[in-house]
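Here are my notes on the two-chain model you sent. Please read them with the structure open.

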Amino acid sequence: MLVAFGSVIGILGSVLGVGGGIFIVPMLVLALGIPIHQAIAVSLVAIVATSSAVASVNVERGLANMRLGVALEVPTALGSIAGALLASRLPSNVIQLLFSLMLAAVSVSMFLKGRGSVKGAVPAAAELRPAGGLDAAFFDPSTNSHTAYRVKNMTPASFVSFFAGGLSGLLGVGGGIIQVPVMNLLCGVPFKAAAATSNFLIGVSAAASVFIYLKKGYLIPELASVMVIGVLLGSFAGIHILYRARSEKIQAAFSIFVFIVAVKMFARVF
Amino acid sequence: MENFSEKRFGRLIQRTLLSGVFLSLFFFLLGFAFRLSGSGSAGLLLRTGVFVLVATPAARVAMLVYGYWRTKEYHFALAAFTVLALLLVSALI
């Protein structure tokens with residue numbers, strides 16, 4: 001059952017650019033009665049697996065923007081360490097409330113943008129990409145064309161990435177649920193590339209947090225390994241879906257998914 | 001020095017990630033096989049699998065440092081090196 005559940009998480013993770021922690025943690029806690037700290041540790045290991053498997057393919061296909069990924073990894077990793085260290089001191093209900101409100105706003109914004117014309121990109125010719133810059137291009141088989149884009153607003157994106165990294169340590173999620181909208185809406189990266197780049201970088205934030213959970217003895221290797229096997233099976237299937245699907249459809253699915261998470265988090269506060 | 005192209009760089013990162021994923025998967029499957037046969041070393045194999053998997057992103061970041069150094073994009077090499085240092089800090093905390 002866990003392998004099957006992990007497979008579904010793997011598909012969702014690779015298509016939506018999230019690690020699946022927001023599903024894994026509640027499932028382990030509510031359905032299996034696993035203590036929250038152990039559930040978070042297992043979730044973080046599964047995120048590392050999804051991220052590594054999916055990124056390996058997306059990097060080779062040119063879908064993941066490695067330069068953007070490494071630029072955002074610095075604040076994300078910093079936030080991840082800070083989140084893990086502050087986990088026990090911050091009032092979780094306040095964070096959850098703010099987080100749920102922000103997610104709701106993001107989901108509505110992404111849904112409206114997905115329904116409009118846009119694919120999120122600021123058009124740019126591939127040859128305009130300056131050497132060493134963050135701008136990139138990728139081949140999109142769903143439109144049978146190359147999509148080039150420019151990356152903007154890196155300073156605010158770095159601040160939000162710090163917050164996304166903090167969530168990784170605090171709640172056992174990879175932070176993709178924030179990274180994807182940030183790259184898409186704030187940086188102007190097309191949704192597919194944003195999802196692929198998010199998958200590329202969330203492995204680092206999850207790994208930074210999992211080291212801390214490992215040292216505290218929270219990880220159950222048997223449970224983590226079963227979950228990882230399932231997640232890897234799903235991830236490789238999901239990569240194929242991401243590559244072929246149309247950006248607008250994934251974007252609409254992602255906005256609905258984010259809204260459901262926002263409502264669930266909001267409900268947990270009260 | 002031969003040309004270190006974008007494609008070769010991408011392939012290096014891909015191989016690093018896939019090696020970590022498949023090596024950890026190998027340890028997990030071996031661990032389960034040992035568990036079924038009642039061997040006491042099953043736990044050690046599963047823990048090794050977890051360690052290999054968690055170390056995979058760090059190995060990938062190390063390859064980024066190398067790759068960006070080779071392509072002379074020193075600011076990205078420095079960013080990757082900073083991430084590597086942060087991962088080390090998190091392991092030592």
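**Notes on the model**

1. Of the 93 residues of chain B, 34% count as buried. Buried here takes 20 or more other C-beta atoms within 10 Å of the residue's own; exposed takes 12 or fewer, partly exposed lies in between, and C-beta atoms are placed from the backbone. In chain A, buried residues make up 59% of 270.

2. A word on the ground rules. This is a predicted model, in which local features need pLDDT of at least 70 and side-chain atom pairs count only at pLDDT 80 or more, while totals for chains, interfaces and linings use all residues. Residues are numbered from 1 along each chain as its sequence is written, and chains are lettered from A and ligands numbered from 1 in the order in which they are written.

3. Chain B has three helices and zero strands. Helices (H or I, at least four residues) and strands (E, at least two) are DSSP runs, numbered from the N terminus. The radius of gyration of chain B is 17 Å, well over the 12 Å that the globule rule gives for 93 residues, so chain B is more spread out than a compact globule. That radius is taken over C-alpha atoms, and the rule is 2.2 Å times the number of residues to the power 0.38. The C-alpha atoms fill a box of roughly 55 × 35 × 15 Å along the principal axes.

4. Look at α1(B). It has 31 residues and reaches 45 Å from first C-alpha to last, close to the 45 Å expected at 1.5 Å a residue. The expected span is 1.5 Å times one less than the number of residues. Its buried residues include Ile13(B), Leu17(B), Gly20(B), Ser24(B) and Phe28(B). After α1(B) comes Gly38(B), with a positive phi near 80°.

5. Chain A has 10 helices and two strands. Along the sequence the pattern is α-α-α-α-α-β-β-α-α-α-α-α. Of its contacts with a separation of 6 or more, 82% join residues 24 or more positions apart. Contact means C-beta atoms, placed from the backbone, within 7 Å. For chain B, the share joining residues at least 24 apart is 50% of contacts between residues at least 6 apart.

6. How many residues of chain B are in contact with chain A? There are 35, and they meet 35 residues of chain A. α2(B) gives the largest share, 12 residues.

7. The largest nonpolar core has 109 residues. Such a core is a set of buried Ala, Val, Leu, Ile, Met, Phe, Trp, Tyr and Cys residues joined through C-beta atoms within 7 Å. Val42(A), Val45(A), Val228(A) and Val83(B) have the most contacts inside it. Helix α8 (residues 191-215) of chain A gives the most to this core, with 16 residues. Beyond four places in sequence, the contacts of Val45(A) include Val210(A), Val228(A), Val50(B) and Leu53(B).

8. Check the confidence. Chain A averages a pLDDT (the predictor's confidence in each residue, from 0 to 100) of 77, and 77% of the residues score at least 70. Over residues 117-128 of chain A, pLDDT stays under 50.

Terms used
Two residues are in contact if their C-beta atoms, placed from the backbone, lie within 7 Å.
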